[in-house]
Amino acid sequence: MGLGKHQSFDLLLLTLPVILGATSYCTWSTPAFLEKVLYYQLYTVCPDFQINKSGLHNPMCIISPDAEQHWSCLPHVEENTKDMTTDLRKRKKDTDLNNVAHKETLDKEKVQKEKSSSFCLKCFRWTMILVLLVASVIGVRLYRDNELVKRQEAGLRTLGIEGLLLFSSLDADKDMFISPEEFRPIAEKFTGISPAFDYEEEDNLDPNGETLTVAAQFQPLLMETMTKSKDGFLGITNSALSGLRNWTSPAVPTTFKAFLPPKNKVDLGDLWWIIPSELNIFTGYLPNNRIYPPPPKGKEVLIHKLLSMFHPRPFIKTRFAPQGSVACIRAVSDFYYDIAFRIHAEFQLNEPPNFPFWFSPGQFTGHVVLSKDASHVRYFKLFVPNNRTLNVDMEWLYGASESSNMEVDIGYLPQMELQCLGPSIPTVVYDENGNVIDSQTSDGEPLEFVFEEITWESEISWEDVSKKLEVTMYPFKKVSYFPFTEAFDRALAEKKLVHSTVLESLPVLALLNESFISSWSLVKELEELQGNKENNSYATLASLHLEKYNFPVEMMICLPNGTVVHHINANYFLDITSVKPEEVDSSLFSFADGLEDVSTSTYVKFLKEGLEKSRSYLES
């Protein structure tokens, strides 16, 4: 169908807004493209319309196929087209910016989602790993415990109760298997071969140094002095006491440099630790279920060698405090020291299959006279004091573990001492010209050496030095403790109360020095006094004490006539002072005096209560 030129122009005017509206959404904005879009729109409405080729680069002209002349150019169409192009470019730029911002937002959300998802996944994985690990540990533990129970039941069926106890005494790690190291005690017992200690000497021995011959003198424990542990009493068997019964003689020269004082302790009365204590309130005490002592080292070697002359298994560090060895300069000359010492050590008497049996003398004491360079020893003696009726403590276990039941007893050891047979003598003898000579005479007798007399420039008495050593081991003994009978005589003369106990604390010591005469006694000594018919007054005092006594230790406050006005048992004292600070009952303990320690506060309270109960006597 053909159209007239007026119709074509009208149609152009009508469709141009549509074309402009359609092209406003186009993403491309080049003029050539806009021309093509316009042509496409016109051609859709009227296929007979065409665009002159020159119109591709000139202002658009509409040509009718039936007309021979051109319509005039449409300048307003050109202007509208330019406006449309500018508008399209602006809109595209805004759209691009919006798209970029939107894309960045989406990217950020995606990254956050991925991070959150990754974190949750990691948490889940670690949680599952932890759960599996705990479950595995519990499973392995339950399996091992179940297997151990099965082995114990099998061992009981195979060995019986006594046989299983013997097996357990060797099985140190309780895994129901005997390793070569655990079997070693049995091998040594049957072969008679024991490996020598790998001593860690403090100094190398001088091959040309002097030698000292020391002899051990020993009398076994008097079994009748044991207060309760005789055969058939409390189920005690011969095997439990076998180590003690079989110990009737001592076991079969070394440098004594370990006894020399340190460089800052060379004055008369100076004290120092040869073997310092390693026990404190944090370490507690050492285990009971041990058989063989640890290898000694340093200055421990000398003490270990000396005590090994009594028994092959000395422990130079006791399980309980006071622990260690302390020394003091008793006398000084130009070339010699007289060194007094006190040693706390104990022995393990039993071997497997028997359970541990501890033999603990009250102390080893003695003195050594040696040159200031320790090259010559003039005299040496070490012994267990036997001036008290009881001087040794014994403890033994009824099983191989630390938690096994334990029995305790005390007894009397008549003699346990080491003494040199004479001064140390040179290994190699030289004449006045420095030539080596024979150490024996032509008759085969050893050469006799003549030693000069030692003149001491300064010295203190043995009683004073013993007191210093005792106070170093037991600081509470800064308060004087008198024998039982003497304590009551002094209390009567000084009009003070008698206090029978011990506790290390400065506030306690101050109060004891001010208001009390202190003493301590063994039950056996009180029983002997009670039976003394020659002195009825002392017998009465002893009887009053024994009436209030309860095992193991009773702390008492008495009038000079023996009347016990206040007392407390050691076990009860330990029970009420072992609570945690936050559990302390304010009605039982008072810290008003600034005493932070529960034990100190409790004991001060005990002493003050005793003074209060004795007020009528003290004020009379």
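How many bridges join β22 to strand β24, and do the two run parallel or antiparallel? Two bridges join β22 to β24 (residues 516-519), and the two strands run parallel; here strands are DSSP runs of E of at least two residues and helices are runs of H or I of at least four, numbered from the N terminus, and two strands pair if DSSP finds at least two bridges between them. This is a predicted model, in which local features need pLDDT of at least 70 and side-chain atom pairs count only at pLDDT 80 or more, whereas totals for chains, interfaces and linings use all residues. Residues are numbered from 1 along each chain as its sequence is written, and side-chain values use heavy atoms, with hydrogens and water left out.

**The open sheet and its helices**

β22 and β24 belong to an open, mixed sheet of five strands in the order β22-β24-β23-β25-β26. Because β22 (481-482) and β26 (564-569) stand at the edges with a single partner strand each, one side of each is left without a neighbour in the sheet.

| Helix | Strands touched | Angle between directions |
|---|---|---|
| α11 (residues 536-548) | β23 (497-500), β25 (554-558), β26 | about 135° with β25 |
| α13 (residues 598-613) | β23, β24, β25, β26 | about 160° with β26 |

In α11, Ala539, Leu541, Ala542, Ser543, His545 and Leu546 are buried, where buried means under 20% relative accessible area, exposed over 50% and partly exposed in between (1.4 Å probe, protein chains only). The cover over these buried residues of α11 includes α8 (484-494), β23, α10 (523-530) and β25.

**A covered strand**

Strand β13 (residues 364-371) has seven of its eight residues buried. β13 pairs with β10 (residues 336-344) in the antiparallel sense over eight bridges, and Ser371 in β13 is the bridge partner of Tyr336. Six bridges also join β13 to β14 (residues 377-383), again antiparallel, and these two strands form a hairpin with five residues between them, where Ala374 in the turn has a positive phi of about 65°.

Ala374 is also among the contacts of Phe256 beyond its neighbours within four places in sequence, which include Leu370 and Phe380 as well.

Terms used:
Contact = heavy atoms within 4.5 Å. Axes fitted to C-alpha atoms, helices over the stretch in contact; angles between N-to-C directions.
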